[in-house]
Each structure stands twice: as C-alpha cells, then as structure tokens.
There are 2 protein chains.
Amino acid sequence: MEDFSFYRPTRIIFGRGSEEKVGEETKKYGKKILLHYGQGSIKKTGLFDKVMKSLKKENIEVIELGGVKPNPRLSLVREGIDVCKKQNIDFILVVGGGSTIDSAKAIAAGAEYDGDVWNFYSGDKVPVEKALPLGIILTIPAAGSEVSPDSVITDEDGLYKRFTSGESLISKFSILDPELTFTLSAKQTVIGVSDILAHIYERYFTQVKNAELTDRLAEATMKTVINNTRLVLRDLKDYNARAEIMWAGSIAHNDLLVTGKTGDWASHMIEHELSGIYDIPHGEGLAIVFPAWMRFVYKDNILRFAQFAQRVWNVDTDLNDLEWTALEGISRVEAFYREIGLPLSLSEIGIGEDRFEEMAAKCVEDGSVGQFRELKKDDIMEIYRSAK
Amino acid sequence: MEDFSFYRPTRIIFGRGSEEKVGEETKKYGKKILLHYGQGSIKKTGLFDKVMKSLKKENIEVIELGGVKPNPRLSLVREGIDVCKKQNIDFILVVGGGSTIDSAKAIAAGAEYDGDVWNFYSGDKVPVEKALPLGIILTIPAAGSEVSPDSVITDEDGLYKRFTSGESLISKFSILDPELTFTLSAKQTVIGVSDILAHIYERYFTQVKNAELTDRLAEATMKTVINNTRLVLRDLKDYNARAEIMWAGSIAHNDLLVTGKTGDWASHMIEHELSGIYDIPHGEGLAIVFPAWMRFVYKDNILRFAQFAQRVWNVDTDLNDLEWTALEGISRVEAFYREIGLPLSLSEIGIGEDRFEEMAAKCVEDGSVGQFRELKKDDIMEIYRSAK
C-alpha cells in the first residue's frame, strides 16, 4: 500500500427536499452570492423558485449567472469572474451538474486572483491558493465534482479541455436530493453512469499491490452502480435506485477509492480530446474509450483484470486461463454498455478518423499519459483506431 | 434509503513515518499545546522523542499530560481541563489509542466550558458547542475515535461509562502510521479487530431497506478486516496487513457505513456496563456480547442475517432454509473469534452472573436500547445470561 493523505471536508446533505436547507447553509458563508446554473431547466422544474425562497428567507442577496453548457466554456468563466469582482460577491452557489460546478470553481478561483484564470489550467499551471467559498445543489450524478477539488474547463479558442485542482475548490456543502434527478432521461442517466464507472476504473486499474480495502470498496461501488442502473432504466422515478446512483457518484470521485494507490487517468485524457473538439458528452466518450483502453493494456496486469471480471462482473474465474477470464470481464463491460444504450464506437456518434493524429498529439502535449501503462502518441492513435 | 448528512473534515495522513509531519500540522492550529498520552509506552518506543523533535522544530510549546488508562477516567479529564484553563492551552495533541483520544476530547470540550464536564455525558446531556481543536497520532486501530465526533468516559465514582458527541470534537488531523502498530501483541490486535468489526455490525444490522451501496461498502470492509487479521497473526510486522486493519478501523467508524441507515448500538450499551464495572477491554466485551445479541435478535430479520452470512462469511445460501443460512453466519463469527483467540463467554474472563441485574438496570436507565430490536431490561438480562 502506498502512503496517502485524504481530506474531504464537504458537508453532504442527502435526501428528499434537502434543497430547502440551502439558505440555512449558505448564510454560514455569504450574504451576497453568485447563483450559477446551466441552460435554465431549473426554472422549468420549479427548483429555481425553491432555491430563491430559501435564500430570501435568510436575506441573502443573489446575482444570477446562468448559461453554462456541457464542456463549460472559458468565456463564461471570465464573465463570472468579472461579475464577482465588480459586485463584491462573497460566495458562489451552484445549481447543476458537473459542467456548472466546474465553471463555478473556475470563477471562484479567478475571483481571488489578479492574473488570467486560464493560468490555473494550462502550461505550467499556477496553483490555486485561494478561491471564493462555494456550495452546490447537484442535479446530475456523474462528474463527482460536488466532492472533488477538481475543475475541467474548455478554452473554445483552440478547443483545449484542461483541468486544475486545489483544496480551496472543495465545496463547503453539497446538497444531494435524488428526486431532482427524476427528470433525467434514460440517455442522460446512462451517460452519467458511464462517467461514474469511469471514475472508479481510473482508480481501480493500477499496478500498486496490496490495497485490499480500497479495491473491495471500489468493487462494492461498481456493483451497486451496475445493479441500480438496470433498476432505474425500468422506472426513471425509482427513488432508491436514483439515490444509490447519486451517492455512488460522489463516492466514486471523492478519492476514497484511490487511497493507498495511484490512479491511471489516461482514458480521461484521451476522451477530453474528443469532447474538447467534437463537443460530445464526456460520459459518452468514456463509454467508447474505456473498453478500447482495457483491451489495449490488459496484458500488463492480467490478474487485476481477472479480479475485476470475477468480483464485479461475476465471471467464473478460469484458473487455467486467466487471460480468458480477464477478457470475459471486458466483454461484460461492453455488453452492459450496449444493454443500457451507450455507444461503443466513434462511428456510432459520427466521429471519423480524420483528426486522430491531431488529438493524439494534443493529448501528449504535456508528456505521456497513464500510470497502469504509460502511453505515448502512437499508443493513443491505436486506441482511437480500435474504437473507430 | 433514509435521508442523511455526512461531514467528516479530518485530514488523514497515512503511511510510513507520517508522524514526522506532526509539527507542521500542529502549527496550523496552536502554539502552546497539551500533549496527552497513555501509560508511557510511547516513551519506550521512541515515538515520544520523534514527536517532540517535530514539534520543537516549529517552536511549539508543549505541556505534557500522560497517564490515560483503558476505559478513561473522569478524574484525569478534570485534571486536563484544569491544566488547559490555567496554562491557556490552544490545541490538544493526542498520541495513543481510543481511550487517550476520548480523554482528550473530554478535555477539549471541558476547557471551553464553565460548567462540569460530566454534564456533556450524563443526564440530559448538555450539547458540546465549542471545544479546543485537537489532532491525533493513532497508535491502536480499534475505537475509530480518530475520525468520529464521539467520546466515551468512565466516571469511576459509580462506575458509569457514558458517551457524548459533537462536531467540534472531530479531530483536525489524524496521523496513521501502520508501523506504529507493529509493537501491538496478538492479543491487543484482536481486541482491536473485535472493536472494529463491532462498529460495522452496529451499522449493518438495521431494519432499513434499500441501502445497497452502504451495505456493500460495509461488507467490503468486514471482509478486508477478517482476511488481514489472519495475515497479521502470522506476522505481526506485516506492513500491508497492519495498514489494511488501520484504515479499515477508521472507515468502520467515520459513519460512511451508516449513510442512509440507522445504526443499532444496543451491543455497545450492553458492553459498556461490563467494561464500566469490570474494567475489561471494550473489544473483549464486544466479542462476547455481539454473538449473543445476534442469536437473540436474528429472527427479527432473517434475510439480513442470511445476507451477512453469504456476502461476508461465504456461506452457501440455502434458499430453502434461510434460517440455517443466518445461523451459519453467526456460527462463523463465533468460530472466527475463537480462531483468533477472543473469548466468547463471560466465564472465560472471570465474570460471574452476580451483577447481571444491576448492569441490565443501568443499561436502560435512559430508556430502552437498540433499533434493530428495541431491548428492555429483561432482554438484556437474557443476553447476559446466554453469554455467561
């Protein structure tokens, strides 16, 4: 087991109607806040009104900034920073999914910084030392950004999708009400599930030995996600299934599941080039990239892939043919994705091979990617090709 | 699934030599600290010198208070509070196991309170609203107090063992170096293991349905503890096995494993009467009480006990005889305890039945105990009798 530190001070408030506590929580940190949200669906569902009522009750002044799109854009971040600085905002409240949260984190960091916010994300990466405090009402379980110190932003000028990380970007509180996810379509739900599973895979596939507890906790979380995805697709308003997926989405990405290990993250980097250029949902890209990555690297640690097959996918381990066991596990990942309606190839979502070279080159701009196996440009090209 | 909130802001610093970071962490909170420890073994092992060196490097002034015994006493707590108030202590550093941590938490709360510290623990229980910040170097994995908001203290005048809880009692940081546990004997180790498993049982055995992720995370943790106890008993200096048990001890008690559920806690209450009067190690008492409790209550939810048998103890579920499956699981708990050298009856540790009545009466002084099944005085008498 490797040494580690673990610090996740977010207060999780989970359950039915928990968004009604937002005023009470917010007033601990701010009096004049930026309310950041996405494409306005929160106004249609009535969530916006509920939130405003709770904030008003505590006499909190609210400046609105909506309009976050999936793969959140740097231009809106800059606008938000400007508002925060001019209006002396002291807290950011996010109502939304991963994109909105990541956009808010970028604004939070930029509002407390004199330079250009993109410095946190690109080149030598200026460390985020200070940020406005933020709180979250989560509406899409997927990105895990509600518990992580990370933020991913796309610079639409050049289509670079890059990330930063910092303890001050960890949310003060995250409100998780599974009922808020009832309106997600089957498609939106499984795209989130793909993202959640990918966050666990990135931490699970490691060359570090002896992290039994962490492995077993990861397997427990994956099994729960798989079971409850099937349940929720039968009934999009199954509260318990929605709740399991929502809580699993946070556990998948709060770094508990990498304690004592080192994560891989190559597949995320390979996917970021896809969604950066083609603006596809991140979870959809991951459903295509991850099985391709698995088939490309499994020989580097057949035992680990066999354990994954046995414990997560209930494959009967063939001790005489562990490679078959490992491959059977990967086949079940693919079969499950197919079953729940996720794409498995780039052609299915209309992406051809004309920009593979460009994407692979951008992906390794800061050096190689991956820990399970270190991948260079040619490896990434091969993964794109096998996923075409 | 039930609604819940989850807030565990302790910074965990885990790994070899992590105690050398104590000065650096402590200086974030205090300049004049109380160093609280137990019977002085830390002076024999060299840990004390390492800690002092790290603290001195940061120019931190240290007032020592050792002498904590298992089942920590109120009298030493009062002494500590007196020292803190007179010396203007601003931080408490604990080096030790659960008893020392619990003693420190009582001191931390009492130092910021004008009344009698026992008010937090007994009668109507004054809520702990403020406490000195504290940090921990853990030397015994067992109680989980390094991540919990709880403290258990014994008033030796009347032999009452009572608990309190409060967010301000959550440690700022907890340093976990598995190598510090190499000197624990096999006996000390398994007593800790019994405590760790009991913390999971208390949360696992519930009548709440639909908490799949929480169940699976608990099962993952139990399996890891069971496997690694066997490994560590083969080699008391097996780093990885020690590390798994240590990290599992924190996960077992940080309340992650009760998210969406309600814990039981009857067995802890029943045991507290034993260790309060007879001064036995808490983990030893729990090894005796828990299987007796399981046999007394299993019929109230045979499915849950069958799931426990199947998923944790690898019992082949007999769908035609789930009661047999449930009972087989309990038998395996008992067999495991016997295998690792824990007692299963009160007579083995020299406790007779003469004070059963008195203990059962004290146990329900504040009403009944337990959630899985509500237990009254007669029920508790029967559990003591079946464990005699």
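Predicted model: local features only at pLDDT ≥ 70, side-chain atom pairs only at ≥ 80, totals over all residues.
Local features need pLDDT of at least 70, side-chain atom pairs count only at pLDDT 80 or more, and totals for chains, interfaces and linings use all residues. Residues are numbered from 1 along each chain as its sequence is written, while chains are lettered from A and ligands numbered from 1 in the order in which they are written.

Chain B can be laid on chain A by a turn of 180 degrees. A sheet of 7 strands takes in strands of chain A and E1(B).

**Symmetry**

- The superposition of chain B on chain A gives an RMSD of 0.0 Å, with a shift of 0.0 Å along the axis.
- B:Pro9 is the residue of chain B that comes closest to the rotation axis, at 2.0 Å (C-alpha).
- Both copies use the same surface: 100% of the contact residues of chain B recur in chain A.

**Interface**

- Contacts link 33 residues of chain B with 33 residues of chain A. Two residues are in contact if their C-beta atoms, placed from the backbone, lie within 7 Å.
- On the chain B side, strand E1 (4-6), strand E2 (11-14), helix H7 (212-234) and helix H8 (239-251) each give two or more residues. Helices (H or I, at least four residues) and strands (E, at least two) are DSSP runs, numbered from the N terminus.
- H7(B) supplies the largest share of that side, 11 residues.
- By class, that side of chain B has 15 nonpolar, 10 polar and 8 charged residues. Ala, Val, Leu, Ile, Met, Phe, Trp, Tyr, Cys and Pro count as nonpolar, Asp, Glu, Lys and Arg as charged, and the others, Gly among them, as polar.
- Strand E1 (residues 4-6) of chain A runs antiparallel to E2(B), joined by 3 bridges. A:Ser5 has B:Ile13 as its bridge partner.

**Sheet**

- The open sheet has the order E4(A)-E3(A)-E5(A)-E6(A)-E9(A)-E2(A)-E1(B), with mixed pairing. Strands pair if DSSP finds at least two bridges between them.
- Its edge strands are E4 (61-65) of chain A and E1 of chain B, each pairing on one side only.
- Twist averages 15 degrees from one strand to the next.
- E5 (residues 91-96) and E6 (residues 134-138) of chain A pair in the parallel sense over 5 bridges. A:Val94 stands opposite A:Ile136 in E6(A).
- Helix H4 (residues 74-87) of chain A lies across E3 (32-37) and E4 of chain A, at about 165 degrees to E3(A). Axes are lines fitted to C-alpha atoms, for helices over the stretch in contact, and angles run from 0 to 180 degrees between N-to-C directions.

**Helix packing**

- H10 (residues 282-297) and H12 (residues 322-340) of chain A pack at about 165 degrees, with axes 10 Å apart. H10(A) is therefore roughly antiparallel to H12(A), a label for angles over 145 degrees.
- The contact of H10(A) with H12(A) has 6 nonpolar, no polar and 2 charged residues.
- H6 (residues 186-204) and H10 (residues 282-297) of chain B pack at about 55 degrees, with axes 7 Å apart. H6(B) is therefore oblique to H10(B); under 35 degrees counts as roughly parallel, over 145 as roughly antiparallel, 65 to 115 as roughly perpendicular and the rest as oblique.

Key. Least-squares fit on C-alpha atoms with pLDDT ≥ 70 in both.
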